[in-house]
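Biologist: I have a model open and would like to go through its features one by one. Could you take my questions in turn?

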There are 2 protein chains.
Amino acid sequence: MARPTEHEVLAAVLQIREGSLQVLAWQRARPPDEGRWALPGGRLGDDEDVERSVRRQLAEKVDVREVTHVEQISVFSNPDRVPGSRLIATAFLGLVPSDSDPEVPADTAWHALSALPRTAFDHAAIVEAAHDRLRAKLSYTNLGFALAPREFTISALRGLYVAALGHPVSATNLQRVLTRRRLLEPTGEVAPPGPAGGRPAALFRFTDRVLHVTDAFAVLRPPSEQLRGAVP
Amino acid sequence: MARPTEHEVLAAVLQIREGSLQVLAWQRARPPDEGRWALPGGRLGDDEDVERSVRRQLAEKVDVREVTHVEQISVFSNPDRVPGSRLIATAFLGLVPSDSDPEVPADTAWHALSALPRTAFDHAAIVEAAHDRLRAKLSYTNLGFALAPREFTISALRGLYVAALGHPVSATNLQRVLTRRRLLEPTGEVAPPGPAGGRPAALFRFTDRVLHVTDAFAVLRPPSEQLRGAVP
């Protein structure tokens, strides 16, 4: 018989802020790991499943209407991951579009993943798993919609992909691939000219704001979806 | 404070047998849900994480060397998913190649997903989630390697994809797509002629038996991996 366990949910909420991929964390005021930065979350309640729980607990740290996308990443279950009684975590990835600036509590702040302060427990590994999931899904789904404003220039979108992926991306190739996959469409409008003036840039939007796999393996889709061109 | 919980791991182990996708299950001999079919698994031990636990517990039902691929699917955490104390499950997908026939205990059998007997608790939903994951990953990864023998004809491979996806697949298109993505290569040998004779069919193998994303979104990969043509 296993010893009793407790269960928590934790969310790595990511947003691209000022050109860098950042994560929302709060500073622990009490031991263990006092002073270190922790992901939002907490114990699973008696009457909720993990999805409901993470949304309830995220709401204490951030306006959840600003969180465009939430998905389960993985269970973190090392027997020694926190001191004391056994605590198992279901970890989630959350995404906030780059043009929103949700209010957060006084103990909570955004931190660039490239300059993460000391994190509590195994939370740095959870952030890393969330980043891995984001990078992977940007490459085979339309998940870019969850990082981007509703309308954007290709140059701005390229900036978001570079920040999320951590390597150079060609704006021309990005536009070509996303257009060929019918993820992107022009709004017909142009962006207001910046302070430097110059030619006005066309505005685009994602054709869909519901996650789907976008790859070109259409031969393996059911015939009805091959015609529609998108997997729900 | 949440009430204490216990944690279990469960695996939907899938294999294509006699042309249909089947799942390994054992028949419960005691209440609750006596007589119903359950997925292999059990309580998380004190000294193990969920990955180690699922492999340990799978080993009681099947020779785990036959299980080519194991991955976490999702947490099942409905408060009422099993009667009595709260029990949270981490669910896994396992895959067995079509040419192996592992020994299983007397209470354990393979069942076609299309004709699943009455399952225990929420295990039918776990089987469905495993099937969804398999279908999705066949479309954007090389996961076919985990269902297939080491060497196969295109016709045999097509049969595996049809059984796993549940819809028609063209052998010509399948060969073209998998070859273009460099997932497939000819072994240089031909299959022994069948009882009906006819032209001997060329044998193929997967170029890699480690899971990777195979889609054509190469523009979003790091430059080094664009050259290699495969994401680890």
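Biologist: Where is Asp33(A) found?
Modeller: Keep in mind that this is a predicted model. Its chain A has nine strands. Asp33(A) sits in a loop of that chain, the one between S2 and S3.

Biologist: What is the phi of Asp33(A) near?
Modeller: Asp33(A) is a residue other than glycine. Even so, its phi is positive, near 60°.

Biologist: Does Asp33(A) count as buried, partly exposed or exposed, and why?
Modeller: Buried would need under 20% relative accessible area, and exposed over 50%. Asp33(A) has 24% relative accessibility, so it counts as partly exposed.

Biologist: And in chain B, what is the relative accessible area of Asp33(B)?
Modeller: Asp33(B) is found in the loop between S2 and S3 of chain B. Its phi is positive, about 60°, although it is not a glycine. Asp33(B) is partly exposed, with a relative accessible area of 23%.

Biologist: Which kind of peptide bond joins Pro31(A) and Pro32(A), and what is omega?
Modeller: Pro32(A) lies in the loop between strand S2 (20–27) and strand S3 (37–38) of chain A. The bond joining Pro31(A) and Pro32(A) is cis, with omega about -5°.

Biologist: What is omega between Pro31(B) and Pro32(B)?
Modeller: Pro32(B) is in the loop between strand S2 (20–27) and strand S3 (37–38) of chain B. A cis peptide bond links Pro31(B) to Pro32(B), and omega is about -10°.

Biologist: Is H3(A) roughly parallel or roughly perpendicular to H4(A)?
Modeller: The axes of helix H3 (residues 154–165) and helix H4 (residues 171–180) of chain A come within 9 Å and cross at roughly 95°. Angles of 65 to 115 degrees count as roughly perpendicular. So H3(A) and H4(A) are roughly perpendicular.

Biologist: Which residues of H4(A) make the contact?
Modeller: H3(A) brings Ile154(A), Leu157(A), Arg158(A) and Tyr161(A). From H4(A) come Ala171(A), Leu174(A), Gln175(A) and Leu178(A).

Biologist: At what angle do the axes of helix H3 and helix H4 of chain B cross?
Modeller: The axes of helix H3 (residues 154–165) and helix H4 (residues 171–180) of chain B come within 9 Å. They cross at roughly 95°.

Biologist: How far apart do the centres of the positive and negative side chains of chain A lie?
Modeller: Chain A has 28 positive side chains and 28 negative ones. The centres of the two sets are separated by 6 Å.

Technical notes:
Residues are numbered from 1 along each chain as its sequence is written. Chains are lettered from A and ligands numbered from 1 in the order in which they are written. This is a predicted model: local features need pLDDT of at least 70, side-chain atom pairs count only at pLDDT 80 or more; totals for chains, interfaces and linings use all residues. Side-chain values use heavy atoms; hydrogens and water are left out. Helices (H or I, at least four residues) and strands (E, at least two) are DSSP runs, numbered from the N terminus. Lys and Arg count as positive and Asp and Glu as negative; His and the chain ends are not counted. The place of a charge is taken as NZ of Lys, CZ of Arg, CG of Asp or CD of Glu. Axes are lines fitted to C-alpha atoms, for helices over the stretch in contact, and angles run from 0 to 180 degrees between N-to-C directions. Angles under 35 degrees count as roughly parallel, over 145 as roughly antiparallel, 65 to 115 as roughly perpendicular and the rest as oblique. Contact means heavy atoms within 4.5 Å. Buried means under 20% relative accessible area, exposed over 50%, partly exposed in between (1.4 Å probe, protein chains only).
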